[in-house]
Amino acid sequence: MVRSTCIKDAAIAAFGKQLESARRIGIITHTRPDGDAIGSSLAMLRFIRSRYPRVEECRILLDTSLPSSIEFILHEEDCTSIMVAAVLGAEPIGEYIAGCDLLVVLDMNTPSRCGEIESSLRNSKAPKVLIDHHMNPEAELFDPMFSTNELSSTCELLAGVLCALQGSDDIPFECCDPLLTGITTDTNNFANSVFPATLETVSLLLKRGARRDEILYSLYNSYPERRFRLMGRLLDSGLTITENGAAIMVLDSETSEAFGIEEGDTEGFVNIPLGIGRVRLSVFAKQDAGEYRISLRSKPGCSANALAVKYFQGGGHELASGGKIPFGPSVPTKDEILSLIIRYTDEFFQAQS
Ligand SMILES: [Mn+2]
């Protein structure tokens with residue numbers, strides 16, 4: 001397999017040594033984990049289990065639970081190795097981290113992406129390894145660091161790291177489905193961020209037995225009906241397209257509740273308006289506790305990342321980013337949020353022209 005230039009021999013040797021000598025490992029990924037976050041965490045967990053039997057304990061530490069759409073990749077024995085701060089409270093996870101002698105951080109570029117776990121991660125004296133594909137990692141925290149945005153996903157990068165650690169393309173079978181799941185979701189089923197090396201990695205995973213048909217069925221043919229009912233409502237009467245080509249959808253809690261929406265049900269909604277010719281940028285705003293969560297997607301030539309950084313306290317990738325609009329005790333109306341986003345996107349486009 002072609003190895004990404006961000007996977008350096010010295011870094012692999014250092015990571016290999018850390019894995020050999022570690023006894024208790026914590027795997028940490030971002031809050032509201034997606035397919036890439038869970039897929040990479042699970043592949044890392046299973047790899048450590050199969051290749052480093054001297055590791056006594058290895059756990060995946062999540063801020064919030066995984067969406068039900070991803071649960072299909074978990075085996076029973078994985079579930080006992082996952083701790084969720086939103087379920088257990090941050091304290092037991094902090095205690096676990098305090099006893100770790102190695103932390104592996106996946107699919108996020110800064111500890112501020114992992115919610116309640118952030119301070120435990122920052123305060124830990126254990127070596128921290130980063131494997132990630134977002135821009136601008138908080139580099140001084142991590143050693144070694146495997147970071148590039150020239151790849152589809154953390155799962156693709158991790159596949160390369162696992163091969164390099166072993167000195168062969170012999171990825172354990174039990175890692176293949178999680179890795180393929182993450183590559184599939186982060187590329188929007190191979191519609192974007194696909195590099196030549198991405199397909200080579202996927203080819204290897206398929207040769208090793210990854211079950212692509214089952215993964216696709218679970219990801220894309222198993223949604224609850226309410227997702228499509230809400231999608232219809234939003235596309236019909238909840239979609240605003242500005243003159244500049246910004247498509248904006250705002251989902252308030254009242255509407256979510258009326259449709260019985262759960263976490264993960266609106267995954268990918270932000271991509272839909274990009275199918276419209278004159279749309280250059282798509283913004284999906286969803287009300288949550290104390291904030292509207294913002295998802296952003298753009299077409300080449302328009303930077304979703306720049307918009308997220310400037311107006312939504314966020315960031316991510318050039319064409320796919322996220323952020324938030326926090327609010328105080330008085331909850332803004334759907335229309336107020338819409339007006340605000342229209343103002344921001346107009347200003348953003350004006351500054352560019
Ligand atoms: Mn990712």
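Hi everyone, let's start with an arginine: the charged end of Arg227 sits over the ring of Tyr223, at 3.9 Å from the ring centre. Arg227 also lies over the face of Phe228, this time 5.7 Å from the centre of the ring. Please keep in mind that this is a predicted model.

Staying with rings, how many aromatic pairs does the structure hold? There are eight. One of them joins Phe269 and Phe284 in an edge-to-face arrangement, with 5.9 Å from centre to centre and 65° between the planes. Phe284 belongs to strand 9 (281-288), while Phe269 is in the loop between helix 12 (253-258) and that strand, so the pair ties together parts 15 residues apart in sequence. Elsewhere, ring pairs link Tyr311, Phe312 and Tyr344 into a cluster.

Now, on to the helices. Two packed helices are described by the angle between their axes and the distance between the axes. For helix 1 (residues 9-21) and helix 7 (residues 154-166), the axes come within 10 Å and cross at roughly 80°. An angle of 65 to 115 degrees counts as roughly perpendicular, and helix 1 and helix 7 are therefore roughly perpendicular to each other.

Which residues meet there? From helix 1 we have Ile12, Phe15, Gly16 and Leu19, and they meet Val161, Ala164 and Leu165 of helix 7. By class, this contact between helix 1 and helix 7 has six nonpolar residues, one polar and no charged ones.

Thanks, and I'm happy to take questions!

Terms used. Residues are numbered from 1 along each chain as its sequence is written. This is a predicted model: local features need pLDDT of at least 70, side-chain atom pairs count only at pLDDT 80 or more; totals for chains, interfaces and linings use all residues. Side-chain values use heavy atoms; hydrogens and water are left out. Axes are lines fitted to C-alpha atoms, for helices over the stretch in contact, and angles run from 0 to 180 degrees between N-to-C directions. Helices (H or I, at least four residues) and strands (E, at least two) are DSSP runs, numbered from the N terminus. Angles under 35 degrees count as roughly parallel, over 145 as roughly antiparallel, 65 to 115 as roughly perpendicular and the rest as oblique. Contact means heavy atoms within 4.5 Å. Ala, Val, Leu, Ile, Met, Phe, Trp, Tyr, Cys and Pro count as nonpolar, Asp, Glu, Lys and Arg as charged, and the others, Gly among them, as polar. Rings of Phe, Tyr and Trp (its six-membered ring) pair if their centres lie within 6.5 Å; planes under 30 degrees apart count as stacked, over 60 as edge-to-face and the rest as tilted. A charge sits over a ring if NZ of Lys or CZ of Arg is within 6 Å of the ring centre and within 35 degrees of the ring normal.
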